[in-house]
Amino acid sequence: MIVADLSDRELEHQLAGPGLLLRTGPVVSRIQSRLPAIVRGIALHYAEYPTANDESFADFRVRVGRPRNFRRWLRPQAQFFVDGNLPFAPLPLDQAFPMLEWGLNWCVSAHCHQYLIFHAAVVEKTGRALILPAPPGSGKSTLCAGLVNRGWRLLSDEMTLIDIASCSVVPLPRPVSLKNASIDVVRAFAPTAAIGPAVHDTTKGSVAHMRAPTDSVRRAMETARPGWIVLPRYQGGTDARLTALSKARGLMQMADNAFNYSAHGGRGFEILSQFVDQCRCYEFAYGDLDEAAVVFDELAATT
Amino acid sequence: MLPNPQVRWRALPDDALAWRRWGGEVVVFNEQTGSTHLLGELAGEVLLRLVAAEGGASAAAIAAELSDNPGDADEDGWTEAVAKVLSDFARLGLAQADKS
């Protein structure tokens, strides 16, 4: 059963009551909320995702609600609960859906230590993963959104999960978070992509989410082999250019963008080294998504 | 001030260091600090020789191994360069001077 099989009323009822059991890759979350923005956001972005029945185990029990204080009348806010705890300060109510997304990311990065987790977008073609580790503002999510609208499979726009036993990349396909100018860039690049309403004045500026492609959601249990590690850098007016990077520097970039690698100690280093050994590493500057898509298609075809 | 080139140095024990060499570059993970360091060619060579040296090695001894003219390692500036690397290793917690 997928979320789209539920009527609007059933979805609303599940979210307001026992919670919607939502499977995103290897993670099952029980989501509860009465907020209309959450109901609309889930209906738009998670329509194709599997749901589980009430008896199923949930890795995380999350709830997005409104604080019960005087602020609810003056400046309405939203709060994110996980297993009854409040890991974050409340945010303005109109940021409820981005807050759910950030909260779900946090659940994975803070708890799923069966994986090595990196702050990196990751897409797949021909069975190989293209990992894009980069700090915020480097054009990582924009490039990721561009590639998944040109035939690459979305594994994640935010977190790369490496399975410790197999050294493969485990998909966690969820909505792609677009920020500021990249919202209009992706709208123009992929006019048929489903992009939700922009939410303004968040800590990250304006944020809108792009729905993950159906094929990526359906193949969410299909892992990918190590392929390429590419450090993206958006620079307006620049021709798309790939420059080879040593494996040692590729590993350092991954380590710099790691959530839990040092927590795994020497074993984490060994797994990451094995992973990097199997990848080709590059830096990539780009100023145009069409050019970027051509470069990566050539890369996938020739290496 | 650079350390005495005759002082013996030891790398961290084997179970506290993990490393990988790709071409001239070495990446080393320090289990005690949880930090990863990228070492250039000289620093990588010094670390690997220090790890391999049972009982440790001095800057002068490592420099003599690395220099094309082992007898003139001091003159060629190798000893000073190696001593500088060892001093950096001490700062990063990768090695320490033998106090005995």
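So, B:Lys84: at 43% relative accessibility, that residue counts as partly exposed. Keep in mind that this is a predicted model. The side chain of B:Lys84 meets B:Asp88 in a salt bridge, 3.2 Å from N to O. Both residues sit in helix 3 of chain B, residues 78–92, and they are four residues apart, about one turn of the helix. B:Asp88 is partly exposed too, with a relative accessibility of 23%.

Staying in chain B, there's another salt bridge, between B:Arg21 and B:Glu45, at 2.6 Å N to O. This one links distant parts of the chain: B:Arg21 is in strand 2, residues 17–22, B:Glu45 is in helix 1, residues 41–52, and 24 residues separate them. B:Arg21 comes out as partly exposed, at 35%. As for confidence, chain B averages a pLDDT of 89, and 88% of its residues score at least 70. The model's ipTM is 0.89 and its pTM 0.93.

Okay, over to chain A. Here A:Glu124 pairs with A:Arg153 in a salt bridge, with the closest N and O atoms 3.0 Å apart. A:Glu124 belongs to strand 6 (115–125) and A:Arg153 to strand 8 (153–156), so the pair ties together parts that are 29 residues apart in sequence. And are those two buried or exposed? Both are buried. They also join a network of salt bridges with A:Asp215, A:Arg219 and A:Glu222.

A:Arg153 turns up again around A:Ser216. Leaving out residues up to four places away in sequence, A:Ser216 touches A:Arg153, A:Leu154 and A:Pro173.

Now, where do the chains meet? On the chain A side, 17 residues are in contact with 13 residues of chain B. The buried area is about 1,200 Å², and carbon and sulfur atoms give 65% of that.

One of the cross-chain pairs is B:Arg20 with A:Glu270, at 3.9 Å N to O. Six residue pairs are in polar contact between the chains. On chain A, the elements giving two or more residues to this side are helix 8 (247–256) and helix 9 (265–277). Helix 9 gives the most, with eight residues. By class, chain A's side has seven nonpolar, six polar and four charged residues.

Conventions. Residues numbered from 1 in each chain as written. Chains lettered and ligands numbered in written order. Predicted model: local features only at pLDDT ≥ 70, side-chain atom pairs only at ≥ 80, totals over all residues. Heavy atoms only, no water. Contact = heavy atoms within 4.5 Å. Buried area = accessible area lost by both parts, 1.4 Å probe. Salt bridge = Lys/Arg side-chain N within 4 Å of Asp/Glu carboxyl O. Polar contact = N/O pair within 3.5 Å; in protein donor to acceptor, adjacent residues only side chain to side chain. Nonpolar A, V, L, I, M, F, W, Y, C, P; charged D, E, K, R; others polar. pLDDT = per-residue confidence, 0-100. Buried < 20%, exposed > 50% of the residue type's maximum accessible area, 1.4 Å probe, protein only.
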